Amino acid sequence: MANTEASLKEAMSSIEGATGVALVDYTSGMALGTLGGGKDFNLEVAAAGNTDVIRAKLRTMEHLGLKEEIEDILITLGTQYHLIRLLKTRGSNGLFLYLVLDASRANLAMARHQLKKIEAELEV
């Protein structure tokens, strides 16, 4: 099992094209940990904003009567991919991993696979 800091470091080092990663509580919008980003990309602001994306999708699923769970949400931009993975491990209710990828260097299938592995090893 890995703690938050180790998991964020693992994401940045093992996922090709990763430029930022955060562990976020979507009930409060608060980032519990961040790594990467920079002066041109504030991960804490992006993490807080993406809580609204999750809340909206959960509300829509409820209105539609969908009884499934969200695995991940992908947002594609011109030069970036934003991957939001809701955590399902014990003790992680209301948390998600938020990964920012450089679209020119990233492999989405491998990023999803690696993020799922990191989730399984994360202990909150």
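This is a predicted model: local features need pLDDT of at least 70, side-chain atom pairs count only at pLDDT 80 or more; totals for chains, interfaces and linings use all residues.

Me: What makes the link between the side chains of Asp72 and Arg112 a polar contact?

Reply: The two side chains come to 2.7 Å. A polar contact is a pair of N or O atoms within 3.5 Å; within protein, one must be able to donate a hydrogen and the other to accept it, and residues adjacent in sequence count only if both atoms are side-chain atoms. So the pair gets the name.

Me: How do you know that the span of helix H3 agrees with its 14 residues?

Reply: The expected span is 1.5 Å times one less than the number of residues. For H3 (residues 108–121) that should give 20 Å, and its end C-alpha atoms are 20 Å apart, so the two agree. A helix here is a DSSP run of H or I, at least four residues, and a strand is a run of E, at least two; both are numbered from the N terminus.

Me: Which residues of H3 are called buried?

Reply: Ala111, Gln114, Leu115, Ile118 and Glu119. Buried means under 20% relative accessible area, exposed over 50%, partly exposed in between (1.4 Å probe, protein chains only). Ala109 and Met110, on the other side of H3, are exposed.

Me: What makes S4 and S5 a pair?

Reply: Two strands pair if DSSP finds at least two bridges between them. S4 and S5 have 7 and run antiparallel, so they qualify.

Technical notes
Residues are numbered from 1 along each chain as its sequence is written. Side-chain values use heavy atoms; hydrogens and water are left out.
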